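Visitor: I have a model on my screen and want to learn how to read it. Where do we begin?

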Amino acid sequence: MSAPAVRTRDLRCRFAGEAGPVDALRGINLDVERGSFVAIMGPSGSGKTTLLHCAAGLRVPTSGTVELDGVNLSGLDETRLAELRRRRVGFVFQSFNLLPALTAAENIELPLRLDSRQVDPRHTAALLARVGLGNRDRHRPDQLSGGQKQRVAVARALITNPEVVFADEPTGALDIRSAREVLTLVRQLADQGQTIIMVTHDPVAASFSDQVLFLADGLIVDRLARPSAPAVASRMATLVESAERAANAAGVR
Ligand SMILES: Nc1ncnc2c1ncn2[C@@H]1O[C@H](COP(=O)(O)OP(=O)(O)OP(=O)(O)O)[C@@H](O)[C@H]1O
């Protein structure tokens with residue numbers, strides 16, 4: 001059997017906070033199968049972004065392992081890690097992160113150019129068509145709607161044919177309709193075999209995934225397969241309530 005797209009074992013991440021150390025991740029064991037779409041949810045401060053960053057090789061964990069497509073990231077020096085980030089993973093951010101002076105096509109091609117790799121305009125055109133923007137190649141970001149910008153960002157994440165696309169709140173800046181368009185696209189990509197790991201606060205966004213992982217205080221505390229938005233919302237409400245209770249208890253101590 002082939003290795004999972006992402007595997008973590010006893011993943012821990014500690015930050016030096018102002019009021020003492022903060023354990024953002026306290027032992028995460030995770031297997032993300034190839035071609036699956038996993039959503040990560042949890043109350044604010046539960047460790048979602050830290051987990052995404054460690055899994056994507058953007059942050060070195062304090063201890064534990066991350067394997068991406070069977071490659072142990074802790075065995076890589078910074079040069080190899082940077083190469084892995086350029087070639088094996090794609091990123092989609094809430095704020096799109098497109099370069100305003102470049103056209104949609106140029107933005108999509110940027111990861112290849114930054115890596116001194118050959119650009120095939122037919123590949124760019126195919127990606128633009130795949131994200132439903134076949135006729136927008138020469139538009140600059142300020143000539144595109146939020147949903148269109150995010151679809152350009154998704155195409156940019158795909159240009160290197162990455163093992164995993166990591167998305168941090170990809171619909172956080174979008175209206176409901178554009179969010180739905182982007183999520184439908186992401187769902188289609190997963191159905192075509194693309195592995196996707198997405199952090200979100202939105203139960204509707206999470207309902208597009210195959211599995212939701214719920215984080216609380218740096219641990220995976222629950223999972224939900226084939227999630228519906230109401231079921232996700234109900235579990236989140238319970239988690240947020242207990243996080244608030246814990247914070248209040250810590251406050252009165
Ligand atoms: N660079 C840092 N330095 C110190 N503490 C940090 C740092 N980054 C994150 N933290 C702390 O680690 C914990 C987890 O943060 P993280 O951003 O991963 O949570 P999150 O679930 O993504 O939160 P949110 O939903 O609010 O974005 C929090 O207590 C946060 O304050």
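Guide: Begin with the record. The unreviewed UniProt entry annotates residues 6-242 as "domain: ABC transporter". Keep in mind that this model is predicted.

Visitor: How much helix and strand does the chain have over residues 6-242?

Guide: Over that stretch, 36% is helix and 28% is strand. The end C-alpha atoms lie 29 Å apart.

Visitor: Next, the ligand. Which residues surround the ligand?

Guide: The shell is made of Phe15, Gly17, Val22, Ala24, Gly42, Ser44, Gly45, Ser46, Gly47, Lys48, Thr49 and Thr50. Strand E1 (6-17), strand E2 (20-32) and helix H1 (48-55) each give two or more residues to this shell. H1 gives the most, with three residues.

Visitor: What is the make-up of the shell by class?

Guide: Eight residues are polar, three are nonpolar and one is charged.

Visitor: Now the backbone. What is the general idea with phi?

Guide: Most residues other than glycine have a negative phi. So look for exceptions to that rule. Asn161 is one, with a positive phi near 55°. Arg226 is not a glycine either, and its phi is positive, at about 40°.

Visitor: Where do Asn161 and Arg226 lie?

Guide: Asn161 is in the loop between helix H5 (146-158) and strand E7 (164-168). Arg226 is in the loop between strand E10 (219-225) and helix H8 (229-252).

Terms used:
Residues are numbered from 1 along each chain as its sequence is written. This is a predicted model: local features need pLDDT of at least 70, side-chain atom pairs count only at pLDDT 80 or more; totals for chains, interfaces and linings use all residues. A residue is near a molecule or strand if its C-beta atom, placed from the backbone, lies within 6 Å of it. Helices (H or I, at least four residues) and strands (E, at least two) are DSSP runs, numbered from the N terminus. Ala, Val, Leu, Ile, Met, Phe, Trp, Tyr, Cys and Pro count as nonpolar, Asp, Glu, Lys and Arg as charged, and the others, Gly among them, as polar. UniProt positions are given in the numbering used here, feature names are shortened, and annotations may be inferred rather than shown by experiment.
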